[in-house]
Amino acid sequence: MMPYLNAFLFGGFLCAVAQLLIDFTKMTPARILVLYVTTGVVLTFLGLYNPLVELFGAGATVPLTGFGNALANGVIKGIGEKGLLGVISGGLTACAAGISAAIFFGYLFALLFSSKEK
Amino acid sequence: MKNFSKKEYQRIVSQHEKSPWVKNLIWAFTVGGLICVLGQFILTTAKDMGLSKEDAGCVTSMTLIFLSGLFTGLGLFDRLAKRAGAGTIVPITGFANAIVSPAMEFKNEGFILGVGAKMFVIAGPVIVYGISSSIICGLIYYLLKGGAPL
């Protein structure tokens, strides 16, 4: 049960912080998402985020900081394999499945459903 | 039952309206946490089926994206999001919702500039800043490492 509790607590914590930002700084959701992705990238390069992933599992990978973490890990891996070329190619290589799925499923569901009239 | 004067009643109501942040916080924490628990369940299941750590992570993202896209289409996501706020926005579910929701809404503007373009109103900036920051940090990392193999 521990992995589930850890995921709940850390995932919940990241969402709670974002909620405080929304309520007290009037940041829009789009700004929060951008902030979270870039924070994930920077923390990963500083070597701080992967230990969090080890500890909290999906609690650290499912929030958008985890998307930044995947991009950054991809770049680091790319650099190890291809050097300078990997700086450019590594990020999207690692996130290809997630981004392609989001675009394709997003398109599919937008075709299948229509927004309800208010 | 206690009788409130009109003034007192308004004071209490406005107090609650002014600071719903505790309620918002609890909702965001709980729903966000539960979405991550669902993610953990998918991740564990995928690993048990013999997938590598990276592949299991991909399967988790894809499943959550699929589900939140479906629930957005059915109109259930927005009902939950109204209460859960950041609890549904911050997990990858919010990213998928941000793609499907405007794509559906702008369908009447056509399939190219309506659906095709509006999908990226929020997802676009996320990808732009995510990739750009990873390249900038990657370049610094590469140079600090002495710029080894080219």
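Reader: Is the crossing in which H1(A) passes H2(B) left-handed or right-handed?

Author: H1(A) passes H2(B) in a right-handed crossing. Helices here are DSSP runs of H or I with at least four residues, strands are runs of E with at least two, and both are numbered from the N terminus. The model is predicted: local features need pLDDT of at least 70 and side-chain atom pairs pLDDT 80 or more, while totals for chains, interfaces and linings use all residues. Residues are numbered from 1 along each chain as its sequence is written, and chains are lettered from A and ligands numbered from 1 in the order in which they are written.

Reader: What angle do the axes of H1(A) and H2(B) make where they cross?

Author: The axes of H1(A) and H2(B) cross at roughly 140° and come within 6 Å. Such axes are lines fitted to C-alpha atoms over the stretch in contact, with angles from 0 to 180 degrees between N-to-C directions.

Reader: Why is Leu92(A) called partly exposed?

Author: Leu92(A), in helix H6 (residues 84-112) of chain A, has 18 C-beta neighbours inside 10 Å and therefore counts as partly exposed. A buried residue has 20 or more other C-beta atoms within 10 Å of its own, an exposed one 12 or fewer, and a partly exposed one a number in between, with C-beta atoms placed from the backbone.

Reader: Which residues of H2(A) are buried?

Author: Among them are Pro29(A), Ile32(A), Leu33(A), Tyr36(A) and Phe45(A). The cover over the buried residues of H2(A) includes H1, H3 and H5 of chain A, as well as H5, H6 and H8 of chain B.

Reader: What makes the span of H2(A) close to the expected one?

Author: Helix H2 (residues 29-45) of chain A has 17 residues and reaches 25 Å from its first C-alpha to its last, close to the expected 24 Å. The expected span is 1.5 Å times one less than the number of residues.

Reader: How many residues of chain B are in contact with chain A?

Author: In chain B, 67 residues are in contact with 62 residues of chain A; contact requires C-beta atoms, placed from the backbone, within 7 Å. By class, this side of chain B has 44 nonpolar, 21 polar and 2 charged residues. Ala, Val, Leu, Ile, Met, Phe, Trp, Tyr, Cys and Pro count as nonpolar, Asp, Glu, Lys and Arg as charged, and the others, Gly among them, as polar.

Notes: Two residues are in contact if their C-beta atoms, placed from the backbone, lie within 7 Å. A crossing is left-handed if the near helix is turned anticlockwise from the far one by less than a right angle, and right-handed if clockwise.
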